[in-house]
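Hi everyone, thanks for coming. I'd like to walk you through one structure today, so let me put it on the screen.

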Amino acid sequence: METALLSVTSFATIIMLGIAASRLDLISKGADKLISTIVFKLTLPATIIHAFGSTEVPPSMLAIAVVGFACAAIPYVIALLVTRHMPQQDRPLFLFGAGGMNIGCFALPFIQAIFPTSSVVTACLIDAGNSIVVTGGSFALTKALLGGEDDPHRLRTMLKRLFSSIPFDCYIVLVVLALAGIRIPSFVIEFVAPVANANPFLSLFMLGLMTSMHVNARKLNRLFEVLALRVGTSLVLSFAVWFFLPVDSLTRCVIATVIWAPMSALAPLYTLWCGGDHGLSGLAGTISIAIGITAMLVIITCSGVL
């Protein structure tokens, strides 16, 4: 437990450094966009390759990835319905903030420090399904629905945008390799390790840079609404997993814990690209960290599995 808390404290400190750097003008304007490009095209794909390559994934367990996909997709669909009458510029905040989990940076330290080693595989598989939504699916669909594009080939454009996401492509290739029983060579894992190790810092620093503390009454109301929607869907999903998922109690506990991981670090970036309030999205993501940590600790403490 102490290891997990130390990791989370370190991650929270990195976010605070990003906020301070932005407010004190310690780095040049536009640094957040540069860092986001590095994260999206380099460090995040390297992290995905390293995680899959370092963990043995039995093809029989890949069904768990479907659970991860559902846990990310269901809140997105709910957000689509809930926000259908909202102004167009407000919807990206909800669509990217209601669902999608930052598993790699926050959930895995808990899983690795507290649960048996085999549970890491479960968390990685949940992240594989989750990432279909988080690393490209939600952005491609949102851009198609809200982009105001008069495109007669909207589906083709959406699919092109989806498969242009390098992280998404990585997950698709790695899942296919896992189904075929093909392991990533050890030299590839070692080669991408330095780049993968940079991902937690850059992702969280980027989140800090994109966090805005300037909120008026209207923004405060939107902030409360998106967090309430996220907490509500997480509660329903974690209860559904715990009581209805036909797996052993340890696996249920791991999945229920992972569901409470904070918002994806890519949420502010996607919100920016879709014309939403990325500063408010960053603030929502920062607050979701505190909510997620609390919920994960409660589940682990009260589950009685360990």
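Let's begin with a cavity. The residues around the second largest cavity are Leu227, Arg230, Val231, Ser234, Trp260, Ala261, Pro262, Ser288, Ile291 and Gly292. Please keep in mind that this is a predicted model. The volume of this second largest cavity is about 70 Å³. Which helix gives the most to its lining? That is α11, with four residues. Both α11 and α14, the latter spanning 278-303, supply at least two lining residues each. Sorted by class, the lining has six nonpolar residues, three polar ones and one charged.

Now, how many cavities of 30 Å³ or more does the structure hold? There are three. The largest cavity comes to about 100 Å³. It has 13 lining residues, and those nearest its centre are Phe96, Gly99, Gly100, Val134 and Ser138. Two or more lining residues come from each of α3 (63-82), α4 (91-97), α6 (118-146) and α13 (267-273). The largest share belongs to α6, which gives three residues.

Let me return to α11 and look at its contact with α12. Helix α11 covers residues 217-244 and helix α12 covers residues 249-259; their axes come within 9 Å and cross at roughly 175°. Angles over 145 degrees count as roughly antiparallel, and α11 and α12 are therefore roughly antiparallel to each other. Who meets whom here? On the α11 side we have Ser234, Leu237, Ser238, Val241 and Trp242, and they meet Ser249, Arg252, Cys253, Ile255, Ala256 and Ile259 of α12. That contact is made up of seven nonpolar residues, three polar and one charged.

Side chains of opposite charge can pair when their charged atoms come close. Across the whole structure, a search finds four salt bridges. One of these pairs is Arg218 with Asp90, whose closest N and O atoms are 2.4 Å apart. Where do the two partners sit? Arg218 is in helix α11, while Asp90 is in the loop between α3 and α4, so the pair links distant parts of the chain, 128 residues apart.

How values were computed: Residues are numbered from 1 along each chain as its sequence is written. This is a predicted model: local features need pLDDT of at least 70, side-chain atom pairs count only at pLDDT 80 or more; totals for chains, interfaces and linings use all residues. Side-chain values use heavy atoms; hydrogens and water are left out. Axes are lines fitted to C-alpha atoms, for helices over the stretch in contact, and angles run from 0 to 180 degrees between N-to-C directions. Angles under 35 degrees count as roughly parallel, over 145 as roughly antiparallel, 65 to 115 as roughly perpendicular and the rest as oblique. Contact means heavy atoms within 4.5 Å. Ala, Val, Leu, Ile, Met, Phe, Trp, Tyr, Cys and Pro count as nonpolar, Asp, Glu, Lys and Arg as charged, and the others, Gly among them, as polar. On a 1 Å grid over the protein atoms alone, a cavity is a set of points where a 1.4 Å probe fits but cannot get out, and a pocket is an open set with protein on both sides within 12 Å along at least five of seven lines; lining residues have an atom within 4 Å of a point. Grid points are joined across faces, edges and corners, and a volume is the space filled by probe spheres set on the points. A salt bridge is a side-chain nitrogen of Lys or Arg within 4 Å of a carboxyl oxygen of Asp or Glu.
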